[in-house]
Amino acid sequence: MEILTKLETYFLVFIIYSICGWIIEEIFCSIVEKKIVNRGFLLGPICPIYGIGGIGMTLALTRFEESPFVVFCMAIVLAAILEYLTSYVMEKLFNARWWDYSDKKLNLDGRICIETLIPFGVFGLIVIYAFNPLIFRNLSKIPELTKHITTAILFVLTLTDFIVSVFVISKVTKTADRISRETKKDDTNEITKQVKEELQKTLSGKRLVDAFPEFTTLKRKVKIAVKKTTRKGKVVIEKSKIKSKEAIEKSKQAVKKAEENIVDFDKKIKKRENKADNDKKNSKKMKKDNK
């Protein structure tokens, strides 16, 4: 029962931080875009990456709460790992890049950058020293039955939202593949443009495009072609290396044989010279004897 209570508490903490993250993203992105933007991977008003980050910081950083500097630095590290892995997994699952920091300084593969990670260090301080004490204190006051019912309802709603959202986002991959087959141009930007236009025809697709305006589809056939070319290149290089080794070995053998032939030729010449000298000596001796 105690384990169930802890799981319910952490799930509610996850939901609270997910909603807080959605509010932060909503305010910031709406100001940048100068219009109301429904941010987030899910259709509902939550950003799970903030919920996971909040739980991760709670579990990992509470032990360091005596040192705010350590909490700040560790929060940045945890946020960097979480954001990088989220970007990588979503790219592999849906064949699309949902955000890209390539144009920002000190970025890693365009997935994370120092400019967006510093605020997460501040977020870690707020989580450990302000939000967590308040959240856990108030959650402990909720009656168990109320907590059970609330957790169950929120879990079902979140799970349903996740399933529906995955179905909606999977259309990105299908649409990109279809347009990739239909278009004659091998142009990722053109395909991304067409995918966005196709998605905006539906309400859920439009929300997705508005939530991630910088997303870019990745052409699978291009990546596969690159991999095949790379493999072929490696095979060609290996074969070239083998042929080069064989040619070098043959050259060495030819040089060795040539050296042996030169030595034999020198021996023959010396033998002939010696014979000629002996013939001269014999001829002189015979002349002397005749006299």
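**Entry 1: Glu25 and Tyr50**

I looked up the side chains of Glu25 and Tyr50 and found a polar contact of 2.6 Å joining them. I am working from a predicted model. Glu25 sits in helix H1, which covers residues 2–33. Is Glu25 buried or exposed? I noted a relative accessible area of 18% for Glu25. The cut-off for buried is under 20%, so Glu25 counts as buried.

**Entry 2: the second largest pocket**

Tyr50 came up again when I listed the lining of the second largest pocket. I wrote down the lining residues as Ile49, Tyr50, Ile52, Gly53, Gly56, Met57, Leu78, Ala79, Leu82, Glu83, Phe120 and Phe123. Helix H2 (48–61), helix H3 (68–94) and helix H4 (114–139) are the elements that each give two or more residues to this lining. Which element gives the largest share of the lining? I found that H2 does, with six residues. I then sorted the lining by class and got nine nonpolar, two polar and one charged residues. The space in this second largest pocket comes to about 170 Å³.

**Entry 3: Asn132**

I moved on to Asn132, which is found in helix H4. Its relative accessible area is 6%. Buried means under 20%, so I marked Asn132 as buried. Which residues does Asn132 touch, not counting those up to four places away in sequence? I listed Tyr17, Thr58, Val127 and Arg137. With Thr58 there is also a polar contact, where the two side chains are joined at 3.0 Å.

**Entry 4: Leu125**

I stayed in helix H4 for Leu125. Its relative accessibility is 25%. I left aside the neighbours of Leu125 within four places in sequence and found contacts with Pro68, Val71, Phe72 and Ala130. How many residues apart in sequence are Leu125 and Pro68? I noted 57 residues, while the C-alpha to C-alpha distance in space is 6.9 Å.

**Entry 5: two positive phi values**

I looked up Leu106 for its backbone angle. Leu106 is not a glycine, yet its phi is positive, at about 55°. Leu106 lies in the loop between strand E1 (96–97) and strand E2 (107–108). Is Leu106 buried or exposed? Its relative accessible area is 69%. Exposed means over 50%, so I recorded Leu106 as exposed.

Asp109 was my next stop. Its phi is near 55°, again a positive value in a residue other than glycine. I located Asp109 in the loop between E2 and strand E3 (112–113). With 47% relative accessibility, Asp109 counts as partly exposed.

**Entry 6: the whole protein**

I ended with the overall figures. How many helices and strands does the protein have? I counted eight helices and four strands. Read from the N terminus on, the elements run α-α-α-β-β-β-α-α-α-α-β-α. The protein has 291 residues, and 31% of them count as buried. I noted an accessible surface of about 19,700 Å², with 65% of it belonging to carbon and sulfur atoms. Last, I took the contacts between residues at least 6 apart in sequence, and 70% of these join residues at least 24 apart.

Technical notes: Residues numbered from 1 in each chain as written. Predicted model: local features only at pLDDT ≥ 70, side-chain atom pairs only at ≥ 80, totals over all residues. Heavy atoms only, no water. 1 Å grid on protein atoms, 1.4 Å probe; cavity = no way out; pocket = protein on both sides within 12 Å on 5 of 7 lines; lining within 4 Å. Points joined across faces, edges and corners; volume = space filled by probe spheres on them. Nonpolar A, V, L, I, M, F, W, Y, C, P; charged D, E, K, R; others polar. Buried < 20%, exposed > 50% of the residue type's maximum accessible area, 1.4 Å probe, protein only. Polar contact = N/O pair within 3.5 Å; in protein donor to acceptor, adjacent residues only side chain to side chain. Contact = heavy atoms within 4.5 Å. Areas by Shrake-Rupley, 256 points an atom, 1.4 Å probe, with all protein chains shown as cover.
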